[in-house]
Amino acid sequence: MISEQAAAGVVEAVVVYNGRVLLVNGQHGWELPSGAPEPAESATATAARLVYELTGYLVDGSTLLRPAADTAAPDAHSFVVCRLLSETPSAEARLGAEHLRWSPFTEAVGTGLPAPVRVYLEGHTPV
């Protein structure tokens, strides 16, 4: 079994469900849930933790869009596609419902998301 290496920089979670992507109202408007990894934490584990802490949704960080090996700079970003495991968020979330939005892929692509995320969403847009 190959273990995923520890993440560096910022991890952004791409939570997809039923043709929509989860966005949070952040410092720069509507953006992906994101944050820094804990020491020795993988990008997929970071994404799952951040989504739960911020939004209350349980997710499984399943696909790394940009492997950590390609993002060695401390300010680099890793993008993790996450599968939604709970349709109802926990009441312990840091952000309230007014700070969360499920945006259709077609709308989200035009909101200034990072290129790897736009490419992924465009390739998975429901017909």
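**View 1. How much of the protein is tucked away.** Of its 127 residues, 42% count as buried, meaning under 20% relative accessible area with a 1.4 Å probe and protein chains only. This is a predicted model, where local features need pLDDT of at least 70, side-chain atom pairs count only at pLDDT 80 or more, and totals for chains, interfaces and linings use all residues. Residues are numbered from 1 along each chain as its sequence is written, and side-chain values use heavy atoms, with hydrogens and water left out.

**View 2. The run of helices and strands.** You'll find three helices and seven strands here; these are DSSP runs, with helices (H or I) of at least four residues and strands (E) of at least two, numbered from the N terminus. Follow the sequence and the pattern goes β-β-β-β-α-β-β-β-α-α.

View 3. R49 sits in helix α1, which covers residues 43-55. Is R49 buried or exposed? R49 has 18% relative accessibility, so it counts as buried. Skip its neighbours within four places in sequence, and R49 is in contact (heavy atoms within 4.5 Å) with A36, P37, E38 and E41.

**View 4. Residues around the largest pocket.** Among the residues lining this pocket are W30, H77 and T111. By class, the lining has four nonpolar, six polar and two charged residues. Here Ala, Val, Leu, Ile, Met, Phe, Trp, Tyr, Cys and Pro count as nonpolar, Asp, Glu, Lys and Arg as charged, and the others, Gly among them, as polar. A pocket is an open set of points on a 1 Å grid over the protein atoms alone, where a 1.4 Å probe fits, with protein on both sides within 12 Å along at least five of seven lines; lining residues have an atom within 4 Å of a point.

How values were computed. Buried < 20%, exposed > 50% of the residue type's maximum accessible area, 1.4 Å probe, protein only.
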